[in-house]
Amino acid sequence: MKRLYNLLFAICLLFSACDTDFLEVDPVDRYSDAVVWTDESLITAFVNNIYMGQKWGFHTVMLSSLCDESMEVWSWESQPVVMSELTSSYQGILAPDFWIITFHNINWDNLYSNIRACNVFFENVEKYEVQGDFVDQLKGEVHYLRAYFYYWLMSQWGGVPLIENAYSTSDDLLVARNTFAETVDFIVKDLDAAADILPLTDDKARATKGAALALKARVLLYAASDLYVSQSEWASGYSNPELIGYTDGSQNERWQKAKDAAKAVMDLGIYHLYGENTEWATAEEATQNYINIFLCHDSDEDIMVQYYDFYNHSSSDFQLPRVGLFNSPNGFHGWGGNTPTGQLVDSYEMSDGTKFSWDNPVHAAHPYENRDPRFYACILYNGSHWRERPDDTIGADPDGIVQTGYYEQADGSYSAGLDTRQGPIEDWNGTYTGYYMRKFLDPSVNHQYDRQTYPWRQLRYAEVLLNYVEACLELGEEDEARTYLDLIRKRAGMPAVPSSVTGNDLMELYRNERKIELAYEQHRYFDIRRWMIAPDVIKNAQGVDIRYPYGSDQPNYSIIEVQERAWNDKAYLMPVYLDEMNKNNLLIQNPGY
């Protein structure tokens, strides 16, 4: 008993000696604010985490399948989008919590969470008076990132609430939408601030001066487009047109700003098209150049990239960068997910620069011969060589030739090719269109089991040149536009644009060139909206039915419709989610919802 008394007395003395300091200990599972914002490595780690909020392009369902570029084979997931059936309470695959997460990180909730992180950074580096060159560069990077997140908000919803403070739960969280013009100006201001601080060259997974200027050029190009001055056409009667476009000012001046912004990137003199040279590329060189753009880790064409290590791949396997598994042919044990539509395939010109047409008997007999070299780098078609088949199927096809056709037997029945949905290998996956995606995929990787780790290109120089061309065309500067359009075509092994092509025909050629050069890179979804051509191109997705007559190695081709699609003008912009509307009665819904 005496021993217990002495022990209790010692404990009391210990507490009294330490006073309250004994209870004032730092938590062992987290850092305090003071520790974080006075430590260079922790501040950098905080910013690194913000980078993970960028849009990763290699999800199971890609943005291309929500426009006219491709069709995802599990069509029930994208069908509500391509049918323009979204409402404020139902976004289908675009919903924040949809399991495939096509719009992972770029839905309303996540974008504002990342914007809040940017604001937390700015407030704390000021509060703790953090000094040093490293924090100056991080300030530039965070200005870029905040602009990046607001760019995605703008491109989906128009004018949005502009928030520069890191709100807490005790703050008034009811904030109205800013106008479209204010939103654009805010983004540009952040990007200008970033460009003033950031170095010209650095790790391309981190924002640089070139990245800030290139994103500014894209934002200003979008803002100058017809969608944002035509509210009376597609949103007739909407009482707040200032939220979804400009209500005053000169569109011509906005095109000039877009042109100047693209030229500023070009004038840096540090970016070049991959594989460009003084001679016109041969077809073989052009195809290989275009393949290599996306199967390298760095090139002079890259402006801003997102490496595998910067991607938050800690949760679901569906979020991992398994672009090869998701998209390669089912006969190679791929999922065949985002299959090119017939409309995309038919957009690739003939190698002499003329348009492809199924109405041309020569074209129709041999549709995959003598096409734009980029066609062979982007599309896997019936008869194309891909890679060696997996061990369990190589006996059926030692040469690795894609088979999306059907072969007539002596009794009049048809046997299905290895890469069809009725094939003998994996008949629950596979293309409806008769095509598979080739772009981005490394044939040296066994995609059934292994991941490729090439970066996602957030910004590349070809886009900057195309942005410049478009602004020049809108300003009537056709010769200047033709010069830089030919740079893209030269690298692609395609002939120069004839001087006889002018006016609307030249604009149509440019738009098709942009469609081909930037296919699957998250541009077309927005391009068809800002150009207001969505009603013309969101048509039922087409494919090709390929039948080999008995004993013949020359197939017959038939154009088929493989997915129903429809357009409604409300789909030019996304609806503000009902949950957000219910939480904030100052928000005004977009037209049509």
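Me: Let me begin with one side chain: is glutamine 589 buried or exposed?

Reply: Buried means under 20% relative accessible area, exposed over 50%, and partly exposed in between, using a 1.4 Å probe and protein chains only. Glutamine 589 has 14% relative accessibility and so counts as buried. One thing to keep in mind: this is a predicted model, where local features need pLDDT of at least 70, side-chain atom pairs count only at pLDDT 80 or more, and totals for chains, interfaces and linings use all residues. Residues are numbered from 1 along each chain as its sequence is written, and side-chain values use heavy atoms, with hydrogens and water left out.

Me: Where is glutamine 589 placed, and what is it in contact with?

Reply: Helices (H or I, at least four residues) and strands (E, at least two) are DSSP runs, numbered from the N terminus. Glutamine 589 sits in the segment after helix H21 (578-583). Contact means heavy atoms within 4.5 Å. Leaving aside neighbours within four places in sequence, glutamine 589 is in contact with Ser88, Arg177, Tyr238, Pro575, Val576 and Met581. With Val576 there is also a polar pairing: a polar atom of the glutamine 589 side chain lies 2.7 Å from the backbone nitrogen of valine 576.

Me: How do I read a charged residue in the interior?

Reply: Look for its polar partner. A polar contact is a pair of N or O atoms within 3.5 Å; within protein, one must be able to donate a hydrogen and the other to accept it, and residues adjacent in sequence count only if both atoms are side-chain atoms. Take glutamate 141, in helix H6. At 1% relative accessibility, glutamate 141 counts as buried. Its side chain makes a polar contact of 3.0 Å with the side chain of arginine 206. Beyond its neighbours within four places in sequence, glutamate 141 is in contact with Val47, Tyr51, Leu198, Arg206 and Ala207.

Me: And the nonpolar residues?

Reply: In soluble globular proteins, nonpolar side chains tend to be buried together. A nonpolar core is a set of buried Ala, Val, Leu, Ile, Met, Phe, Trp, Tyr and Cys residues joined through side-chain atoms within 4.5 Å. Here the largest nonpolar core has 127 residues, and Phe121, Tyr144 and Tyr150 have the most contacts inside it. H6 gives the largest share of this core, 14 residues. Apart from it lies another core of 36 residues, including Leu295, Tyr368, Cys378 and Tyr436.

Me: Which residues does tyrosine 150 touch?

Reply: Not counting residues up to four places away in sequence, tyrosine 150 touches Tyr112, Ile115, Val160, Pro161, Leu162, Ile163, Phe186 and Ile187.

Me: What lines the second largest cavity?

Reply: The second largest cavity, with about 70 Å³ of space, is lined by Tyr148, Trp152, Arg218, Trp456, Arg457, Gln458, Glu521, Gln522 and His523. Helix H6 (133-157) and strand S8 (456-460) each give two or more residues to this lining, and S8 has the largest share, three residues.

Me: Gln522 is in that list. What about its backbone?

Reply: Most residues other than glycine have a negative phi, and most peptide bonds are trans. Phi of glutamine 522 is near 75°, a positive value. Glutamine 522 lies in the loop between H18 and helix H19 (524-530), and is buried with a relative accessible area of 9%. Histidine 333 also has a positive phi, near 65°. Its place is in the loop between helix H12 (323-327) and strand S3 (338-340).

Note on methods:
1 Å grid on protein atoms, 1.4 Å probe; cavity = no way out; pocket = protein on both sides within 12 Å on 5 of 7 lines; lining within 4 Å. Points joined across faces, edges and corners; volume = space filled by probe spheres on them.
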